[in-house]
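Here are my notes on this one, point by point. Have the model open while you read.

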Amino acid sequence: MAVVTGANTGLGFETARALAERGASVVLAVRNVEKGEKAAARINGEVTVQALDLTSLDSVRAAAQDLRSRYDRIDLLINNAGVMYTPKQTTADGFEMQFGTNHLGHFALTGLLLDLMLPVPGSRVVTVSSTGHRIRAAIHFDDLQWERSYSRAGAYGQSKLANLMFTYELQRRLASQGTTVAVAAHPGLSSTELVRNSPAAIRLPLTWLAPLVTQTPAMGALPTLRAAADPAVLGGQYYGPGGRLEIKGHPQLATSSAQSYETAVQQRLWAVSEDLTGVMFPAAQTQQNQIQ
């Protein structure tokens, strides 16, 4: 069984459709249930819809509780949903919108569902990052919520860098379990609704040049699908398009920025994320018990 967030449109829809049409039972975890139902109707296979608003920890907890009442195992959790270059705004819990949605919402969801995955051999948590993790990106522990000043690109870069750091630290914590692995992917430059909040100086050129510089959502979903289904994938790997500058092409192994591999920052981000969300991971609890 696979759970795909943000699966009513774009990359998430194509990911869910490919999985369902190849025999997986897929849950479309979406903010707008009506749109989710319309998306489900376009997919051949076993598909259900789950309400999930990643901008609200109450919604994340409710969705996790609902999924736990309906399923006793999860094979794939694909953290795909995201927002990009939004104007300055906050989530229901007061987090900066991009950091709260792209990272903290998925951090909480994963932690609340992970114990349904740990007993399942070959289960995977796949988190979608972006080449934007290299652009003006850092984890600003002194101002995580961008309260002093705000940069759309900087906040997006921080959230996508956090996605990668979460994946690498999660894999480190899962390694001793021997069942579930954490993998990351990015779609290159895909023609989706994600750029709708971009400044006009970015959005308009992308619209004009889209046929030349972007790829379809179906192609953009391939790195995620490879991370989710390729039997040769290893925990802690990162996949993206294999073309020039990783913009387009079929998926292959990618390398993220040097700072994304900084273990101390990954661990600090993990601790801060636990504190902000109130979610403790089963694997983390097991390791703490072993240390004590």
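1. Start with threonine 5, which sits opposite alanine 29 of E2. The two belong to a parallel pair, E1 (residues 2–5) with E2 (residues 26–30), joined by four bridges. For the naming, helices (H or I, at least four residues) and strands (E, at least two) are DSSP runs numbered from the N terminus, and two strands pair if DSSP finds at least two bridges between them.

2. A word on the ground rules. This is a predicted model, in which local features need pLDDT of at least 70 and side-chain atom pairs count only at pLDDT 80 or more, while totals for chains, interfaces and linings use all residues. Residues are numbered from 1 along each chain as its sequence is written, and side-chain values use heavy atoms, with hydrogens and water left out.

3. Now the whole sheet. It is open, has eight strands with mixed pairing, and reads E3-E2-E1-E4-E5-E6-E7-E8. E3 (47–51) and E8 are at the edges with a single partner strand each, so one side of each has no neighbour in the sheet. On average, neighbouring strands are turned by 20° against each other, direction ignored.

4. Two helices to look at here. H1 (residues 10–21) packs on the sheet and touches E1, E2, E3 and E4 (76–79), its direction making about 165° with that of E1. H3 (residues 57–70) lies across E1, E2 and E3, at about 145° to E3. Contact means heavy atoms within 4.5 Å; axes are lines fitted to C-alpha atoms, for helices over the stretch in contact, and angles run from 0 to 180 degrees between N-to-C directions.

5. At the other end, follow tyrosine 239. Its bridge partner is alanine 185, where E6 (residues 181–185) and E7 (residues 238–241) pair in parallel over two bridges. Tyrosine 239 also stands opposite leucine 253 in E8; E7 and E8 (residues 251–253) are antiparallel, with three bridges.

6. Which side chain meets arginine 70 in a salt bridge? Aspartate 66 does, at 3.8 Å, N to O. In total the structure holds nine salt bridges (a side-chain nitrogen of Lys or Arg within 4 Å of a carboxyl oxygen of Asp or Glu).
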